[in-house]
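Me: I would like a close look at a single part of this model, namely the place where the two chains meet. Please take it in one connected account.

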There are 2 protein chains.
Amino acid sequence: MDINNTLNEVLVKLFRNINTIEEKAVREGEHRDITMNDMHVMEAIGLETAKNMTSVARTLEVTTGTLTIAVNSLVKKGYVDRSRSEEDRRVVLISLSEKGRKAFLAHRKFHEDMIDAVVAELTEEEQRVLEKALIKLHAFFRETY
Amino acid sequence: MDINNTLNEVLVKLFRNINTIEEKAVREGEHRDITMNDMHVMEAIGLETAKNMTSVARTLEVTTGTLTIAVNSLVKKGYVDRSRSEEDRRVVLISLSEKGRKAFLAHRKFHEDMIDAVVAELTEEEQRVLEKALIKLHAFFRETY
DNA sequence: AAAAAATAGTTTGAACGTCAAATAATTTGA
DNA sequence: TCAAATTATTTGACGTTCAAACTATTTTTT
């Protein structure tokens with residue numbers, strides 16, 4: 001019962017705060033003109049080869065219309081490059097510009113630091129247990145909801 | 001290094017999923033006309049005595065202007081009662097209506113059920129480690145930002 | 001090959017959430 | 001008393017989201 005309370009409390013607070021905090025981290029960094037949403041879009045585009053709109057929209061679970069608006073803004077701000085595919089001229093290819101890559105990597109570093117801070121306090125054994133627990137949780141959520 | 005990657009990935013996905021799930025739970029419940037944001041406002045108002053706009057806005061970390069708009073909608077939908085304070089006529093007092101209380105309690109129950117279901121999936125050791133990790137994560141955020 | 005259907009993206013209109021700055025009403029304090 | 005502070009609302013702007021209408025292109029059917 002006690003652990004349930006702690007879990008509930010921590011989870012609730014974490015969830016409520018995590019977006020705000022991450023947003024702040026993004027805004028206080030070198031690239032202040034990107035929103036958290038922009039960052040999610042950039043993460044979905046990734047560092048690899050250019051992706052088309054539909055696949056990125058599917059990753060983000062938003063409509064392509066929504067993604068078009070986000071990409072318009074990212075292109076205007078210089079974080080994303082957009083071009084037509086030559087093979088299929090319906091397709092629009094998007095990829096991170098140099099600036100976009102830099103922002104992406106800075107954000108990834110923030111995430112890594114966060115994980116390091118958490119893991120630093122745990123023994124190897126505990127780390128393994130935590131990993132197992134989280135994977136279980138994730139599976140549980142996917143199955144149940 | 002590998003375990004860190006897994007942790008990061010699972011944590012990110014978990015957080016993203018839980019938000020979606022919670023939103024769905026709210027929308028599919030008895031009170032379908034409330035948004036997740038509405039629910040947060042109601043949680044900040046709480047079941048106790050009426051609160052003024054400024055204190056609730058501070059709890060939510062939004063401006064009073066933002067809160068005014070949210071409360072307008074909640075009053076219109078019948079979840080929140082709004083009245084002027086008699087002692088200080090600048091102050092607006094807000095509290096949950098009966099309908100608001102019902103929605104609040106239903107949401108709380110959802111949370112409790114979710115946590116119960118999650119904890120049931122884990123061994124005692126996993127529970128202990130998870131709790132420790134989450135508290136550490138929360139501390140990281142509080143300290144860093 | 002022409003017509004129909006499918007696919008990929010964009011645009012539009014509406015709703016919500018947010019802020020900063022301007023405004024209005026009231027209370028406090030010098 | 002009257003200037004300053006406090007409390008809340010309004011306004012204007014921007015960001016996020018969706019569904020539905022639309023455009024352009026490719027694929028399939030007849």
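Reply: What follows covers the interface, its symmetry and the charged pairs in and around it.

The model is predicted, and every value below is computed from it. The contact draws 47 residues from chain B and 49 residues from chain A. Between chain B and chain A an area of about 5,200 Å² is buried, with carbon and sulfur atoms giving 75% of it. Polar pairing across the interface comes to three salt bridges and one residue pair in polar contact, both residues at pLDDT 80 or more. On the side of chain B that touches chain A, at least two residues each come from α1 (2-28), α2 (36-45), α5 (98-120) and α6 (124-144). The residues of that side of chain B comprise 25 nonpolar, ten polar and twelve charged.

Two copies of a chain are related by a rotation about an axis and a shift along it. Here chain B superposes on chain A by a rotation of 176° with a shift of 1.0 Å along the axis, at an RMSD of 1.1 Å. This is the relation of a two-fold axis. Within chain B, the residue that comes closest to the rotation axis is B:L130, whose C-alpha lies at 1.9 Å. Of the interface residues of chain B, 96% are also interface residues in chain A, so the copies meet through the same surface.

Side chains of opposite charge can pair when their charged atoms come close. A:E126 is joined with B:R128 and B:K132 in a network of salt bridges. The N to O distance is 3.2 Å for B:K132 and A:E126, and 3.7 Å for B:R128 and A:E126. The latter pair crosses between chains, from helix α6 of chain B to helix α6 (residues 124-144) of chain A. A:E126 has a relative accessible area of 8% and is therefore buried, while B:R128, at 42%, is partly exposed.

A:H111 sits in helix α5 (residues 98-120) of chain A. Its relative accessibility is 7%, so A:H111 counts as buried.

A:D38 is buried, with a relative accessible area of 4%.

Definitions and conventions
Residues numbered from 1 in each chain as written. Chains lettered and ligands numbered in written order. Predicted model: local features only at pLDDT ≥ 70, side-chain atom pairs only at ≥ 80, totals over all residues. Heavy atoms only, no water. Contact = heavy atoms within 4.5 Å. Buried area = accessible area lost by both parts, 1.4 Å probe. Salt bridge = Lys/Arg side-chain N within 4 Å of Asp/Glu carboxyl O. Polar contact = N/O pair within 3.5 Å; in protein donor to acceptor, adjacent residues only side chain to side chain. Helix = DSSP H or I, 4+ residues; strand = E, 2+ residues; numbered from the N terminus. Nonpolar A, V, L, I, M, F, W, Y, C, P; charged D, E, K, R; others polar. Buried < 20%, exposed > 50% of the residue type's maximum accessible area, 1.4 Å probe, protein only. Least-squares fit on C-alpha atoms with pLDDT ≥ 70 in both.
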